Amino acid sequence: DEIEDFISRESLLSPDRKCELKEAEEAAFVLDQTRDFWSDTWDEAEPIPASEQIPLFDAFSTVEMILMSFEGMHPAQLLNQILSVNFAMADFILSSSKPVYQLDLVDCALKQLSQKTEKVLKMLNKDLLEDLKRQSPKATTDFGDKYSFSYITPETVAACESLCGQIGSVESMLSRAASLLTKFSGDVNLVRQVLENSGRHYAATSHESRSGILNDIQCQQQRNSGSSAGAMDDLPFPSVREYILRNRDDCNPCQLTVSIGGTHGLEKGGTNSTKGGLVLALNKCVSGAH
């Protein structure tokens, strides 16, 4: 009724406007009828246990359809899809495994991995679509015989190989970050410095970091020597001892560097030593150097 009154008031509108109002009235009528139908159907329906209902999804038929499609699929197309799934899953798993602490280097590596994964997935999808257009491994052009890659392009292969290497690098970085955070008792600044400048020497400024390093060394020495756990205040024994011997001949200056490793276990009457060895290095010094 309200719609009819509105239409009567707008009778002086243009024909296009009247047509739009008529379509709106019909749409509202259909919507009301549909709502009333499902409301009545729901009230009249008898409840049936889920165990007695006909399943909407037939898993066996779906699996059979998939297997039948595999029979007619080219192996290259199947490998294309397997690569896409594996790359997407690797990116998801690594992104879900990042440490709780904020590490800019790890976050940047994961972001670059996601971007590269998306790029490679698009390249694989493009090659799969192009496969429908290319049926022959050889294509003849006006410039002579030129090899045509029907299933995958060399650029996609190179991108997939590069992505595999990047996945391995990110996985190693995550493992190293988790290990360092555990050993350094969550010292984020020290772990960030170690990750960003690998191979350099850093000082553990916090007491927690120093204690964590010493405790890990002590536990490792106790496991190797088979000794019982000592007091928490005990310091670990040195794993390597170095001695530098220099001569007094100014004409032929030289020095002998001696590194002795694996002596833990022989101190204080111990007999079970860790595996180690002796390294000797004779160097000729520059005259006048200190």
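Let me start with helix α5, which covers residues 104-131 and has 28 residues. From its first C-alpha to its last, α5 reaches 41 Å, close to the 40 Å expected at 1.5 Å a residue. Please keep in mind throughout that we are looking at a predicted model.

The protein has eight helices and five strands, and, reading from the N terminus, the order of the elements is α-α-α-α-α-β-β-α-α-α-β-β-β. Of the 290 residues in the protein, 21% are buried. If we take the contacts between residues at least 6 apart in sequence, 49% of them join residues at least 24 apart.

Now to the pairs of helices. Two packed helices are described by the angle between their axes and the distance between the axes, and I will give both for each pair.

The pair I take up here is α4 with α5, whose axes are 10 Å apart and which pack at an angle of about 165 degrees. An angle over 145 degrees counts as roughly antiparallel, and α4 and α5 are therefore described as roughly antiparallel to each other. The crossing in which α4 passes α5 is left-handed. On the α4 side, the contact involves Gln 77, Asn 80, Gln 81, Leu 83, Ser 84, Phe 87, Ala 88, Asp 91, Leu 94 and Ser 95, and these meet Leu 110, Leu 113, Ser 114, Thr 117, Val 120, Leu 121, Leu 124, Asp 127, Leu 128 and Asp 131 in α5. Sorted by class, this contact of α4 with α5 has 10 nonpolar, seven polar and three charged residues.

Next comes α4 with α6. Here α4 is residues 75-96 and α6 is residues 154-183, and their axes come within 11 Å and cross at roughly 25 degrees. Since angles under 35 degrees count as roughly parallel, α4 and α6 are therefore roughly parallel to each other, and α4 passes α6 in a left-handed crossing. From α4, the contact is made by Leu 83, Phe 87, Ala 90 and Leu 94, while α6 brings Cys 160, Leu 163, Cys 164, Ile 167, Val 170, Glu 171 and Leu 174. By class, the contact of α4 with α6 has 10 nonpolar residues, no polar ones and one charged.

Let us stay with α6 for a moment. This helix has 30 residues and reaches 44 Å from its first C-alpha to its last, close to the 44 Å expected at 1.5 Å a residue. Its buried residues include Thr 156, Ala 159, Gln 166, Ala 177 and Leu 180, and the buried residues of α6 pack against α4, α5 and α7.

How do α6 and α7 cross? Their axes come within 10 Å and cross at roughly 145 degrees, and the crossing is right-handed. In this contact, Arg 176, Ala 177, Leu 180 and Leu 181 in α6 meet Val 191, Val 194 and Leu 195 in α7, which by class gives six nonpolar residues, no polar ones and one charged.

Finally, two loop residues, one on each side of α6. Ile 152 is found in the loop between β2, residues 144-147, and α6, and at 30% relative accessibility Ile 152 counts as partly exposed. Leaving aside neighbours within four places in sequence, Ile 152 is in contact with Leu 124, Asp 127 and Val 157. Ile 152 and Leu 128 are 24 residues apart in sequence, yet 7.6 Å apart in space, C-alpha to C-alpha.

After α6 comes Ser 185, whose phi is positive, near 55 degrees. Ser 185 is found in the loop between α6 and α7 and is partly exposed, with a relative accessible area of 45%. Between Ser 185 and Ser 206 there are 21 residues of separation in sequence and 9.9 Å in space, C-alpha to C-alpha.

Notes:
Residues are numbered from 1 along each chain as its sequence is written. This is a predicted model: local features need pLDDT of at least 70, side-chain atom pairs count only at pLDDT 80 or more; totals for chains, interfaces and linings use all residues. Side-chain values use heavy atoms; hydrogens and water are left out. Axes are lines fitted to C-alpha atoms, for helices over the stretch in contact, and angles run from 0 to 180 degrees between N-to-C directions. Helices (H or I, at least four residues) and strands (E, at least two) are DSSP runs, numbered from the N terminus. Angles under 35 degrees count as roughly parallel, over 145 as roughly antiparallel, 65 to 115 as roughly perpendicular and the rest as oblique. A crossing is left-handed if the near helix is turned anticlockwise from the far one by less than a right angle, and right-handed if clockwise. Contact means heavy atoms within 4.5 Å. Ala, Val, Leu, Ile, Met, Phe, Trp, Tyr, Cys and Pro count as nonpolar, Asp, Glu, Lys and Arg as charged, and the others, Gly among them, as polar. The expected span of a helix is 1.5 Å times one less than its number of residues. Buried means under 20% relative accessible area, exposed over 50%, partly exposed in between (1.4 Å probe, protein chains only).
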